[in-house]
Amino acid sequence: MSSPAVSSPSRPGPLRHLLGGRPWRAALYLLSSVPLGAATLLTLVLLAVVGGALSLIVIGLPLLLVLVLTGIPLASLERRRLRLIDPEPIADPHRDPDRTGLAAWLRTRLRERATWRELAYAVLFGFLLWPLEALVVGFVLAVCGGLIATPVMLAIDGEEARVLKIWIVESRPAALGLALAGVLLLAVFAYPVRAAAAGRAALTRFLLSSPEGELDSRIQELGRSRMRLVDAFEAERRRIERDLHDGAQQRLVALSMTLGLARLEAPGAPLDGLLAKAHDDAAAALVEIRELIRGIHPQVLTDRGLVAAVDDLADRSVIPVDVDFDLPVRPVEAVEAAVYFAVGEGLANVAKHSGASRAAVRGRLEKGTLVVEVEDDGRGGAGTDHGTGLQGVADRVSVLDGRLLVSSPPGGPTLLRLQVPCPAARLRN
């Protein structure tokens with residue numbers, strides 16, 4: 001028993017293909033290149049001629065700079081126009097400037113390879129590509145349009161119609177036959193037009209897409225998402241701190257006061273002893289929860305900033321600590337929190353492991369980087385792999401693109417150096 005034949009999906013015929021949307025989008029893509037390419041050519045020529053002629057005076061230099069940057073808006077428009085026939089978008093290869101302002105934007109753009117690739121594309125598009133596209137679309141429109149318009153021209157003239165300046169048609173049946181041939185030829189020409197548009201789109205994608213730019217964009221987005229996670233983490237820490245401060249701590253204070261009043265009214269010694277123990281336990285729990293709140297996010301850091309918070313750490317240290325901080329403005333909250341807990345971990349290690357008699361904490365801004373040093377005169381030997389919590393500090397500051405440097409030779413001294421980016425644009429009063 002023979003199995004039924006499996007029919008393969010049939011491709012649409014020329015007329016059905018013509019009635020679809022793809023050939024018309026391809027024709028629109030090629031046709032829209034003509035005015036855009038002509039405008040690009042005119043712009044390039046004018047800027048080159050006028051800027052070159054005036055290059056000896058001040059006004060010519062900005063014109064030449066505009067000429068170099070001409071490819072940027074053109075490439076942006078081309079990426080959008082490409083969506084007519086190619087649904088996959090091209091990522092913008094340009095990265096965001098490090099600072100705000102026109103000077104920073106120009107400096108960033110002129111250093112990018114994508115800017116020069118887009119200028120080369122603008123030159124190629126203005127001088128070569130759009131004339132070829134105009135030739136392809138013009139040929140199809142002239143041939144098919146001339147054939148289809150034969151009956152109209154015959155009706156206007158009344159006696160004869162010259163078709164494509166080649167044939168002379170004098171009868172209506174012949175004119176209708178040429179019009180039908182024009183429709184069929186238009187359906188046939190739809191395939192090469194679509195192929196030409198696909199080739200043009202592939203060339204545009206090759207010239208305007210940049211693997212390095214896409215990688216930079218992904219890296220920037222990763223950095224932004226990482227900062228959003230840091231901000232969300234800090235907000236959650238603050239929420240927990242508020243809940244403990246306004247909820248559990250207040251309840252413990254009320255409980256401690258109630259137990260104190262109960263001791264004053266205790267009828268007997270045995271019950272008085274139990275109340276005293278409960279009162280002491282409540283007081284100890286209150287101290288622990290206050291320390292926990294301070295460890296989550298100290299109020300002094302929120303109210304008075306990093307310098308005051310580090311001073312508070314030094315005051316509570318069991319080892320004398322000299323503080324020398326020079327911060328003209330406050331960093332953002334994420335930087336403040338990371339540096340505060342790093343300094344706290346460093347001073348805790350000094351007290352627990354170093355055997356030092358004195359420590360020092362120094363902080364300053366150096367070219368947009370917050371540099372903080374924790375130094376002691378102890379026995380040395382500290383490192384990120386010794387279970388002292390320094391690895392956690394290194395991981396925390398690395399989220400902010402910072403780093404932790406440790407110098408702790410045997411016999412000391414130990415120096416912890418934090419370097420956290422803190423550009424002026426991200427500083428707050």
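## Helices across the sheet

In this predicted model, helix 13 (residues 333-354) lies across strand 3, strand 4, strand 5 and strand 7, running at about 10° to strand 5. Helix 12 (residues 306-316) lies across strand 3, strand 4 (359-366) and strand 5, at about 175° to strand 3. Helices (H or I, at least four residues) and strands (E, at least two) are DSSP runs numbered from the N terminus, and angles run from 0 to 180 degrees between N-to-C directions, with axes fitted to C-alpha atoms, for helices over the stretch in contact.

Residues are numbered from 1 along each chain as its sequence is written. Local features need pLDDT of at least 70 and side-chain atom pairs pLDDT 80 or more, while totals for chains, interfaces and linings use all residues, and side-chain values use heavy atoms, without hydrogens and water.

The five strands form an open sheet in the order 3-4-5-7-6, with mixed pairing, where two strands pair if DSSP finds at least two bridges between them. Strand 3 (321-326) and strand 6 (403-407) are at the edges, each with a single partner strand, so one side of each has no neighbour in the sheet. From one strand to the next the twist averages 10°.

Strand 5 (residues 369-376) pairs with strand 7 (residues 414-421) in the antiparallel sense over eight bridges, and Glu375 stands opposite Leu415 in strand 7.

## A helix pair

Helix 2 (residues 21-53) and helix 4 (residues 71-81) pack at about 175°, with their axes 12 Å apart; they are therefore roughly antiparallel to each other, a term for angles over 145 degrees.

Conventions:
Parallel < 35°, antiparallel > 145°, perpendicular 65-115°, else oblique. Contact = heavy atoms within 4.5 Å.
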